[in-house]
Amino acid sequence: MTTLATCLIDRVAISAFEVPTDLPEQDGTLSWQKTTLVVVQASAGGVTSLAYTYADGATAKLIQDTLAPLVLGSDAFATQAAHGQMRIATRNLGGDGITAMAISGVDLALWDLKARLLGVPLSVLLGAARSGVPVYGSGGFTSYDRETLQRQLANWVEQGIRSVKIKVGAHPGQDVARVREAREAIGERAELFVDANGAHSAKQALRQAEQFARFGVTWFEEPVASDNLDGLRFVKGHAPVGMDITAGEYGYRLGYFSNMLRARAVDVLQLDATRCGGVTGFLRAAHVAEAFEIPLSTHCAPALHVHLGCAFDTVRHLEYFHDHVRIEAMLLGGRAPNGDGNLEVASGRAGFGLDLDVARAARYQVSHVEVRAH
């Protein structure tokens, strides 16, 4: 067994990959045609970890220049100490956005390394509450035509996924028709969610919510901008019975989540470990939400979040986001398959249990740097 004396971090590798979408994608406020994956690997005691964040290429540069040199030579088991040091070192850069995503990527890699050194899945290291978590299919982009929308949603339901989500807000006048088309595709038994990505004013969102309720919509994500806590609280307080109002995916620091929870602005809090400070940040936010008796849902990156979802029985479900599911299937080995609407932790694999398919990933790689201890 590896001893603490041999577990000093001696290498950090940072790679960035740009993967085109299979079709143009658009939500209520943004459109895109590629996704950038920043992969972080840390080594100690002859073991190498693998984790990632969905971010910008500048995130890789920040890790290379500032965070990797900071964690080199540190104790691979002292994840809390490393997290605190990274926060201090980036103080003057601002704690949100790229800074938070860079910290998240490194923190995730360090927790993965610790679990691999101990030879256990990360969910077990965190005190597993279960072995799998329900997922909801997420996509239904506003750039999709009716045929593409309905085919995607119906395919998820055929896989046993019991809830699906579509994007709304880019063309509000068309959204009721799109929700109707979505319901036609999935039948009456599956749950239907919508996500406006902050496209509406509070009263506009409420008007849409009332119409969406006719088609059994039970989840309205970011009906207004997530920083508009008064607007979120207004919509939450007046939304149709049975429709949850949710937000939180753009939270980078604990104070953001604390403010949202104190404002009683959401029915369900979304957390994204690739943005909110990795495993360390996720754990802190999850415990705050538990104190407010607010359930959780994870945002994107399902291959990572399955372990965190299994560690907390307050996590209602994981977002099975089309673009990320596709990328993870293309580039990563060791993922457990989706089975009957639940994502399971892969058996017999330590940490997140993932490995990079180097040959397949090579065509998408835009940068790679290794930083080693002297």
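**Close-up views of a predicted model**

**View 1. The buried face of helix α7 in the predicted model.** Helix α7 spans residues 202-212, and its buried residues are A202, A205, L206, Q208, A209 and F212. Seen down the axis of α7, these residues fall within an arc of 165°, so they line one face of the helix.

**View 2. Strand β1 with its partners β2 and β17.** Strand β1 (residues 11-26) pairs with β2 (residues 31-44) in the antiparallel sense over 12 bridges. A hairpin of 4 residues joins β1 to β2. Strand β17 (residues 365-372) also pairs with β1 in the antiparallel sense, over 7 bridges. I14 has a partner in each of these strands: V40 is its bridge partner in β2, and V369 stands opposite I14 in β17.

**View 3. R264, a residue with positive phi.** Most residues other than glycine have a negative phi. The phi of R264 is near 55°. R264 lies in the loop that runs between α9 (254-262) and β10 (268-271). With a relative accessible area of 46%, R264 is partly exposed.

**View 4. A301, a residue with positive phi.** A301 is not glycine, yet its phi is positive, near 40°. The loop that holds A301 lies between β11 (296-298) and α11 (302-311). Is A301 buried or exposed? A301 is buried, because its relative accessible area is 1% and the cut-off for buried is under 20%.

How values were computed
Residues are numbered from 1 along each chain as its sequence is written. This is a predicted model: local features need pLDDT of at least 70, side-chain atom pairs count only at pLDDT 80 or more; totals for chains, interfaces and linings use all residues. Side-chain values use heavy atoms; hydrogens and water are left out. Buried means under 20% relative accessible area, exposed over 50%, partly exposed in between (1.4 Å probe, protein chains only). Helices (H or I, at least four residues) and strands (E, at least two) are DSSP runs, numbered from the N terminus. The arc is that of the directions from the helix axis to the C-beta atoms. Two strands pair if DSSP finds at least two bridges between them.
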